[in-house]
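Reader: Could you walk me through this fold, starting with the sheet and then moving on to the helices?

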Amino acid sequence: VSYVVDPRNEGFATSVEPCLKKEWAGVLGSDHMPSASEYKQLMLSSSAFVYFGSGSVQAVVDAGALATTPCHAHAVVLIDSYETDLSSRAQAERDRKSTPLEKTLDQPVITAGLLSLQGAKSVVCNLGAARLDANAAVLSGALGALDEGKNIGAALQNGRAAWLKLNAPGEAEAGDTAEVEPVMPAESHAAYNAVVFGLPHLTMG
């Protein structure tokens, strides 16, 4: 397993570091900002690749690079789309230099499709903008389940459950007998932002 976590060193790596095993190879932004070639090498040299960072992963490894890089990682987990000042500036600079076609290709579904064409059997990615705490909870829960031997589909369900539990509405106060409508967590939709493309029964073992 390989990983890239908080590549711009924005201070949120600690939210998932406890889930990263010592035997895994990877890069933390606190060490250095990985280059596009490092991303390619990590996806080429491991059976599973995990990305946890802000903005779009295509801001570093664009569609052209993804389309020409063999991916030996059977499972690719991309937990991104959390916007920060740094990621917004990086995206703006990239958009300034990109053609209309290149901008169109920067979509999660296309990223998953390109990785699948290059060899990935399962790709997990967010479909829209995300919250940092939701990303951290979903990834932590999913990695914990994968480490227990669960398949990637079940692991993602575990991650969703972890986020929903954090955002469960509080219990009604004792003595409050008024009938109230059930309330869903305001951010429950964030649990379903990440989806699996490809084979949901794949394991990391």
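Author: Before the details, one term is needed: two strands count as paired if DSSP finds at least two bridges between them. Please also keep in mind that this is a predicted model.

Reader: Okay, what is the bridge partner of V4 in β3?

Author: V4 is bridged to Y51 of β3, and the two strands concerned, β1 (residues 2–5) and β3 (residues 48–54), run parallel and are joined by 4 bridges.

Reader: And in what order do the 6 strands sit in the sheet?

Author: The order is β2-β1-β3-β4-β5-β6, in an open sheet whose pairing is mixed. Because β2 (25–28) and β6 (194–198) are at the edges and each has a single partner strand, one side of each is left without a neighbour in the sheet. From one strand to the next, the twist averages 10 degrees.

Reader: Switching to helices, which strands does α7 lie across?

Author: Helix α7, residues 152–166, lies across β4 (75–82), β5 (122–126) and β6, and its direction makes an angle of about 175 degrees with β6.

Reader: What about α6, how far does it reach from its first C-alpha to its last?

Author: Helix α6 (residues 132–147) has 16 residues and reaches 22 Å, which is close to the 22 Å expected at 1.5 Å a residue.

Reader: Which elements do its buried residues pack against?

Author: The buried residues of α6, among them A134, N135, V138, L139 and L143, pack against β3, β4, β5 and α7.

Methods: Residues numbered from 1 in each chain as written. Predicted model: local features only at pLDDT ≥ 70, side-chain atom pairs only at ≥ 80, totals over all residues. Heavy atoms only, no water. Axes fitted to C-alpha atoms, helices over the stretch in contact; angles between N-to-C directions. Contact = heavy atoms within 4.5 Å. Expected span 1.5 Å × (residues − 1). Buried < 20%, exposed > 50% of the residue type's maximum accessible area, 1.4 Å probe, protein only.
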